[in-house]
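Please look over the sequence and the fold shown below. A short report follows, one topic at a time.

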Amino acid sequence: MSHILTVAAAQMGPIQRTDSRDDVIARMLKLVEGAAHRGAHIVVFPELCLTPFFPRWYYETMEEADQWFDTQWPPAGMQAVLDLARQKGVMLQFSYAEKTPDNHHFNTASLVSRHGEEVLKYRKIHLPGHAEYIAERPLQHLEKRYFEVGNLGFPVRRLDFEGVATFNAGMLLCNDRRWPEAWRELGLQEVDLVMIGYNTPVANLDVKHEQPPHLKVLHSNLVVQAGCYQNNCFAVSVAKAGVEDGHAMFGNSIIVNPFGEIIAQASTWSDELLVADCDLRLCHVNRASTFNFSAHRRPEYYRRIVDQTGWKRPEHTLTV
Ligand code: ING
């Protein structure tokens, strides 16, 4: 057993309204080809990797928004990508807008074995933005309008990639990466590799633009670095980047190790492959010391984290 899992981040550039599904699939095939050529065992694609980031557009009805959802698995056109991955002997992780047979809508990530079977599914739990149109916003962010909160929790699967490594795999989507609770849910299941796709706008979600844009990349990096360090795992955090319909999303895909170090980073806003060897033995270093959860955590003092949703400030003010 080698312990080395070679992981590819398949960053994608923009997907325009006018791009066909065939156009997108052709790009994904090229990325899988390149990743396999560079020895990757698993290829991770961005959030909503088959469509534009359509939650920036307002639709009055779900019937109109349904044009962006896939009702089958694998989504239309993806079988060719799964077939290539199987031929190359690589695993795939991709994310798409899922409409279930009983008419539920989720922002969904799917992990596929080398044999083309779905071995893990995750539906996005932290949905940022808003559900109604807000006129004064520079751009809409209507994930709460089009997606339901995921109903699968934060699952982790233990996978044996024969002849390569046995590892615990988990997934997050975009805004999830900003919430430490999501990471800890995976960390408490001894996750070794967290796969994250994102579509993050350069423009601020806060209407008053109090946060200068350079902080967007800082925040995107630090939440993944902290998540990995505090939960003893690797992460592959993969952007859909570039200017879609006039709206810029940043790239900056990264691969991070369990010490919180960025070991690979994208430098473009286009389709770009990052490939890194992940020595899974690094996950065990701090499990035996700094972040030995069994030895050091004190859940009896963490009740607020689960019992409380919003803020509750101290009732009394002391004059000092
Ligand atoms: N996008 C953004 C993200 O969490 C966002 C939304 C951007 C929230 C910047 C907060 C700050 O990266 C998605 N799709 O979640």
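Is valine 32 buried or exposed? Valine 32 is buried, because its relative accessible area is 0%. Buried means under 20% relative accessible area, exposed means over 50%, and partly exposed lies in between (1.4 Å probe, protein chains only). Valine 32 sits in helix α1, residues 21–37. Helices (H or I, at least four residues) and strands (E, at least two) are DSSP runs, numbered from the N terminus.

Residues up to four places away in sequence aside, valine 32 touches Phe45, Val81, Leu84, Ala85, Val90 and Leu92. A contact here is a pair of heavy atoms within 4.5 Å. Leucine 50 is 18 residues from valine 32 in sequence, and their C-alpha atoms are 15 Å apart in space.

## Basis of the model

This is a predicted model, in which local features need pLDDT of at least 70 and side-chain atom pairs count only at pLDDT 80 or more, while totals for chains, interfaces and linings use all residues. Residues are numbered from 1 along each chain as its sequence is written, and side-chain values use heavy atoms, with hydrogens and water left out.

## Overall fold

The chain has eight helices and 14 strands. Its C-alpha trace spans about 70 × 55 × 40 Å along the principal axes. For 320 residues, a compact globule would have a radius of gyration near 20 Å, and the chain agrees because it has 20 Å. That radius is taken over C-alpha atoms, and the globule rule is 2.2 Å times the number of residues to the power 0.38.

Buried residues make up 52% of the 320 residues. Take the contacts between residues at least 6 apart in sequence: 67% of them join residues at least 24 apart.

## Surface and charge

The accessible surface comes to about 14800 Å², and 53% of it belongs to carbon and sulfur atoms. These areas come from the Shrake-Rupley method with a 1.4 Å probe; for residues, only the protein chains shown count as cover.

The chain carries 32 positive and 38 negative charges, and their mean positions are 4 Å apart. Lys and Arg count as positive, Asp and Glu as negative; His and the chain ends are not counted. Each charge is placed at NZ of Lys, CZ of Arg, CG of Asp or CD of Glu.

## Nonpolar cores

In soluble globular proteins, nonpolar side chains tend to be buried together. The largest nonpolar core in this chain has 49 residues. A core is a set of buried Ala, Val, Leu, Ile, Met, Phe, Trp, Tyr and Cys residues joined through side-chain atoms within 4.5 Å. Leu111, Phe167, Trp183, Leu193, Val194 and Val224 have the most contacts inside this largest core. Strand β7 (residues 165–173) gives the most to it, with six residues.

Apart from this core lies another, of 27 residues, with Ala8, Ala40, Phe45 and Val81 among them.

## Backbone exceptions

Most residues other than glycine have a negative phi, and most peptide bonds are trans. Tryptophan 73 and proline 74 are joined by a cis peptide bond, with omega about -5 degrees. Proline 74 is in the loop between α2 (62–65) and α3 (78–88).

Leucine 48 has a positive phi, near 45 degrees. Leucine 48 lies in the loop between β2 (42–44) and α2, and counts as buried at 0% relative accessibility. Glutamate 190 also has a positive phi, of about 60 degrees. Glutamate 190 is in the loop between α5 (180–187) and β8 (193–198). At 39% relative accessibility, glutamate 190 counts as partly exposed.

Lysine 121 is in strand β5, residues 118–123. Beyond four places in sequence, lysine 121 touches Trp73, Tyr96, Glu98, Thr108, Ala109, Leu152, Pro155 and Met171.

Arginine 184 lies in helix α5. Arginine 184 is partly exposed, with a relative accessible area of 23%. Residues up to four places away aside, arginine 184 touches Gln230, Asn231, Phe293 and Arg297. Isoleucine 305 lies in helix α8, residues 303–307. Isoleucine 305 is exposed, with a relative accessible area of 53%.
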